[in-house]
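Visitor: I am new to this structure and would be grateful for a close look at a single part of it. May we turn to the salt bridges?

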Amino acid sequence: NPFSQSTYIQIDTPDEGDLQVDIYGIDGRLVKQLFKGKSIVGNNQFEWTPENEINGIYICRITYAGQNTYLKLLKR
């Protein structure tokens with residue numbers, strides 16, 4: 001998962017539903033909202049290219065069908 005320029009986040013959904021993908025700094029501040037809307041059935045892919053963000057750990061929060069999933073991202 002370590003990346004330097006950009007990274008892709010892939011989410012497989014069984015049906016259309018409300019989907020939100022947010023990137024947070026380790027300090028809890030919202031860095032970027034990648035997506036908010038209806039997912040498509042199957043593979044949903046989003047690219048994050050940090051602009052002016054320092055190297056370090058970021059948290060991706062994926063909210064789908066009322067449940068949250070978290071991914072740790074490492075920018076080098």
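Visitor: Which side chain meets that of Glu53 in a salt bridge?

Guide: In this predicted model, the side chain of Glu53 meets that of Arg29 in a salt bridge, with 3.0 Å from N to O. The pair links distant parts of the chain, for Glu53 is in the loop between E4 and E5 and Arg29 is in the loop between E2 and E3, 24 residues apart. Glu53 counts as buried because its relative accessibility is 17%, under the cut-off of 20%. Arg29, at 38%, counts as partly exposed. This pair also belongs to a network of salt bridges that links Asp27, Arg29 and Glu53.

Asn52 is not a glycine, yet it has a positive phi of about 60 degrees. At 82% relative accessibility, Asn52 counts as exposed.

The count of salt bridges comes to 4. Among them is the one between Asp22 and Arg61, whose closest N and O atoms are 3.3 Å apart. Here too distant parts of the chain are linked: Asp22 is in strand E2 and Arg61 in strand E5, 39 residues apart. Asp22 is buried, with a relative accessible area of 1%, whereas Arg61 is partly exposed, at 22%.

Another salt bridge joins Lys38 and Asp18, with 3.0 Å between the closest N and O atoms. Lys38 lies in strand E3 and Asp18 in strand E2, so the pair ties together parts that are 20 residues apart in sequence. Both Lys38 and Asp18 are exposed.

Conventions:
Residues numbered from 1 in each chain as written. Predicted model: local features only at pLDDT ≥ 70, side-chain atom pairs only at ≥ 80, totals over all residues. Heavy atoms only, no water. Buried < 20%, exposed > 50% of the residue type's maximum accessible area, 1.4 Å probe, protein only. Helix = DSSP H or I, 4+ residues; strand = E, 2+ residues; numbered from the N terminus.
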